[in-house]
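Welcome! Here are some exercises to work through with the sequence and the 3D view side by side. Try each task yourself before you read its solution.

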Amino acid sequence: MSSLRRSIMKGYAGKSVRVNLSERKVTKEEISEAMKKDFLGGRGFAIKLLWDEVKRIDPLSEKNKIIFATGPLSGQLLPSAGKMVIASKSPLTGGYGDGNIGTMASVHLRKAGYDGVVVEGKSEKPCILMIENERVEILDAVELWGKNTFEAQDVLEKTYGRNSGILLIGPAGEHLVPISTVMSQRGRAGGRPGMGAVMGSKHLKAVIIKGSGSIPNFDDEKLKALGKKGYEEIKGKESYDFWMRQGTMQAFDWCNENGCLPTYNFREGVFEFSKEMDGYILEKFHVDRKGCPMCNMQCGHVIKDAEDQRAELDYENVGMLGPNIGLKDLRQVAMLNRMADEWGLDTISLGSGIGFLMEASERGVISEKIGWGDFASAQRLIREIGTGEGVGALVSKGVKAASEALGKGSHRWAMHVKGLEISAYNCHGCPGMALSFGTSPIGASHKDAWIIAWEIATDRFSYHKEKVEKLIEFQRIRGGFFESATVCRLPWVEVNFGLHWYPEYLEAITGERKTWEDLYQIGDRIYTLIRAYWKREIPQFGRAWDVPPDRWFEEPHSQGKVKGMTVDRKRYEEMLSYYYELRGWDENGIPRKETLDRLGLSEVARDLTI
Ligand code: PTT
Ligand code: SF4
């Protein structure tokens, strides 16, 4: 009898909630064993669902769906495991979009008995989705519409309790601004490629989650012991103390020294005022430290901004809203950061958009006068971008759309790949990192392969095959495993926490042993399906979409370590071809039929007609 019984993988709630806001209908659905085995969770669940259900639609129409997905590690008492993926068809890029957010909503969702939430349709009026264990309700939120994320968070905490899991959007998402993001806990942001606008298009102001159950793990005692050892190992690491002092801001000086700091819209790689705003200055102004649940590496450094309000700073935010727009006062940068968080705007795309406008002004391509480092104009632009009005409207749809609207050669310095703005690493002298941005599955994000540190420490200026192989290894670990498990990668990246722990965690959670080779295979399946998704949604999609802007190939820096250098276009293309070969994609970057068959994705070939 027992051999006939279906084997159910532990560690998952095994169900998701589906909410149709048009029909005000809630259903609970089983997550199949095949889904868990083949896609693990998080990003894996999200792309499978989008592939199956979200086909060739307008991302801001009610036909789009937004997915909040956890993985087997999410919400567990394990290092930095309070993460969740938010995914959708992106209104910014038109392809697959996601982000990874640290939030109590991840912990509560798992405790409420779900691995994911799918929201579809559109509510007639502004609403919030309330999930409390078995109870799932769509509630009116008219009075919250228009409030910024701090104000709305205050109201929601008062109503539902400080410890609730709250995911919400600001006015930018309400105005369907494609560079808007989802916020949580006054400073966590997730979903760079316009996930905020997708929520806004559904009139969904917030998702509140409260769970009081437990996750059905295979061996709780073992997991607890492993978690304890993990936390201890992290605390004992040599780099732990410095990390706790500066967090991601420790990258600021390093980038400047190596000529990678995005400066004046990625024109330069060093900023003459860098010492006035680096990690040591952050330490001076530091008033608090925040972070995600389950984490003993809390990296949200709070300082008081230029108006004495609290603002949480990360390297990307400072790089893009500081040097990239020529602003040198850290407390003013913090103020722009705080505004971005209130409006629910992605700081990376925002800094890129403002830098683009400043350069357009300098070149006389637009008539408005917006000087580098002009703080007052930057503040005004944020308000305009957040509402899609004035000159800010030009970049509220991203710099790709702005350059298409402006013309006059502005595409050469519109700093994006696939329509997503480049995060804060200037790659004139880093061909491997340029390829990483080129091939990232959501557009130019560093999340999938931050190869730059390895590249600079090894053979920085080379274009050899080993670099491409390393890039794929990073993508498998970061974009494949960490995004689907779903857990923060920073313990591994920043304090060298052992990767060997993760298969052990998975075994204690699910009862099944997986090797890193098995996990790589899952990652490859996810990457190839995302690739197929881009192709299906954008028929003209192909190789040209994997190439960074001309600026990196043609306009060398005038100073710093990589003065005079650019990326060699021919050798970049050779690396890209080798990348496709390793991935089993053709010369145009489209998955080959035999690759789809090998990864168990044979049915995908039919939709791609290959
Ligand atoms: C991430 C991107 C980043 S990456 C930063 S700073 W970074 C920016 N932060 C923003 C912010 O703040 N406010 C705002 N309005 N917009 C912002 N946009 C930018 O968003 C984040 C951390 C960080 S801080 C990083 S590197 C790591 N990213 C992880 C990842 O992607 N996956 C993973 N498994 N673990 C990660 N750990 C780290 O998480 P997106 P968070 Mg983020 C104020 O969401 O869309 O992926 O974009 O989630 O909870 O804020 O943690 O120097
Ligand atoms: Fe969150 Fe930072 Fe901890 Fe990662 S290291 S879980 S981003 S607080």
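A residue is called buried under 20% relative accessible area, exposed over 50%, and partly exposed in between, using a 1.4 Å probe and protein chains only. This is a predicted model, in which local features need pLDDT of at least 70, side-chain atom pairs count only at pLDDT 80 or more, and totals for chains, interfaces and linings use all residues. Residues are numbered from 1 along each chain as its sequence is written, chains are lettered from A and ligands numbered from 1 in the order in which they are written, and side-chain values use heavy atoms, with hydrogens and water left out.

**Exercise 1. Find N133 and decide whether it is buried, partly exposed or exposed.**

Step 1. Helices (H or I, at least four residues) and strands (E, at least two) are DSSP runs, numbered from the N terminus. With that numbering, N133 sits in the loop between β7 and β8 (135–140).
Step 2. The relative accessible area of N133 is 24%, so N133 is partly exposed.
Step 3. Now look at the backbone: phi of N133 is near 50°, a positive value in a residue other than glycine. As background, most residues other than glycine have a negative phi, and most peptide bonds are trans.

**Exercise 2. Compare K408 and S410 by their accessibility.**

Step 1. K408 belongs to the loop between α16 (399–406) and β16 (416–417), and S410 is also found in the loop between α16 and β16.
Step 2. K408 has 64% relative accessibility and therefore counts as exposed, whereas S410, at 0%, counts as buried.
Step 3. Contact means heavy atoms within 4.5 Å. Leaving out residues up to four places away in sequence, S410 touches F356 and S403.
Step 4. K408 also has a positive phi, near 55°, in a residue other than glycine.

**Exercise 3. Locate the cis peptide bond that ends at T486.**

Step 1. The bond joins A485 and T486, and its omega is about -15°.
Step 2. T486 lies in the loop between α19 (465–485) and α20 (490–495).

**Exercise 4. Which residues coordinate the magnesium atom of ligand 1?**

Step 1. Donors are N, O and S atoms within 2.8 Å of the metal (3.2 Å for Na, K and Ca); water is not among the atoms, so sites may look incomplete.
Step 2. N100 (O) and A189 (O) coordinate the magnesium atom, at 2.6 to 2.8 Å.
Step 3. This pair links distant parts of the chain, with N100 in strand β5 (residues 96–102) and A189 in strand β11 (residues 188–190), 89 residues apart.
Step 4. N100 is buried, at 15% relative accessible area, while A189 is partly exposed, at 44%.

**Exercise 5. Which residues line the largest cavity?**

Step 1. On a 1 Å grid over the protein atoms alone, a cavity is a set of points where a 1.4 Å probe fits but cannot get out, and a pocket is an open set with protein on both sides within 12 Å along at least five of seven lines; lining residues have an atom within 4 Å of a point. Grid points are joined across faces, edges and corners, and a volume is the space filled by probe spheres set on the points.
Step 2. By this rule there is one cavity of 30 Å³ or more, and the largest cavity holds about 50 Å³ of space.
Step 3. Its lining is made up of K418, T439, S440, P441, Y527, I530, R531, W534 and W585.
Step 4. Helix α22 (residues 516–537) gives the largest share of this lining, four residues. Of the 22 residues of α22, 18 are buried, so the helix is largely enclosed by the rest of the structure.

**Exercise 6. How much space lies in the largest pocket?**

Step 1. The largest pocket contains about 1100 Å³ of space.
Step 2. Its lining has 50 residues, of which T248, D314, H446, R489 and L490 lie nearest the centre.
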